[in-house]
Amino acid sequence: MQIADIIGPMIEKVVWDIFVGYRVELLSEEITFVIPAVWGAKKDGELTATQKAINKQIAPVINRIFELLDIRGLDSSQEFALNYLIRGLLVSKITYMIEAFRSKLKDKTLDEQTLKDALLHFKPQGSA
């Protein structure tokens, strides 16, 4: 449980920091924008500056998770699988946060200033 007690809050913090720091971009882009940002690579083309910045925040967290798990002797396939699970979790949490916020706003007709105010005052409730 000690490792989970460290990893869980680390993931929650990076997801929250990314949402707060890039909320305008994340809400204005397609939801698939998050995937290359988390992976740090895009199949066709270059990452945007925002995607690069998001990845720069995520990379140290993933490295720290690997350190905390202290799993040695993984072959490349096993390492990729673990990376896939961690990054998949991050993608899911970020996209959930984006969609939850969009859902709250969907029922309301907001002008641009009201939307900006809502984004600035958005607070998390609970944790996943």
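What you see is a predicted model, in which local features need pLDDT of at least 70 and side-chain atom pairs count only at pLDDT 80 or more, while totals for chains, interfaces and linings use all residues. Residues are numbered from 1 along each chain as its sequence is written, and side-chain values use heavy atoms, with hydrogens and water left out.

Phe19 is among the buried residues of helix 1, a list that also includes Ile7, Met10, Ile11, Val14, Val15, Ile18 and Tyr22. When I say helix, I mean a DSSP run of H or I with at least four residues, while a strand is a run of E with at least two, and both are numbered from the N terminus. Helix 1 has 27 residues and reaches 38 Å from its first C-alpha to its last, which is close to the 39 Å expected at 1.5 Å a residue; that expected span is 1.5 Å times one less than the number of residues. Where is the kink in helix 1 centred? The kink, of about 85°, is centred on Tyr22, and the bend at a residue is the angle between axes fitted to the seven residues ending there and the seven starting there.

Let me turn to the aromatic rings. Rings of Phe, Tyr and Trp (for Trp, the six-membered ring) pair if their centres lie within 6.5 Å, and planes under 30 degrees apart count as stacked, over 60 as edge-to-face and the rest as tilted. By this rule there are five aromatic pairs. One of them joins Trp16 and Phe19, whose ring centres are 6.3 Å apart with their planes at 35°, so this pair is tilted.

Next come the charged side chains. How many salt bridges does the structure hold? The structure holds five, a salt bridge being a side-chain nitrogen of Lys or Arg within 4 Å of a carboxyl oxygen of Asp or Glu. In helix 3 (residues 49–69), Glu67 and Arg64 are three residues apart, about one turn of the helix, and their side chains meet in a salt bridge of 3.3 Å, N to O. Glu67 is exposed, at 52%, and Arg64 is partly exposed, at 37%. Another salt bridge joins Asp70 and Arg72, at 2.8 Å from N to O, with Asp70 partly exposed at 46% and Arg72 exposed at 69%.

I will finish with Ala59, which is in helix 3 and is partly exposed, at 27%. The C-alpha atoms of Ala59 and Arg87 are separated by 9.7 Å, although the two residues are 28 residues apart along the chain.

How values were computed: Buried means under 20% relative accessible area, exposed over 50%, partly exposed in between (1.4 Å probe, protein chains only).
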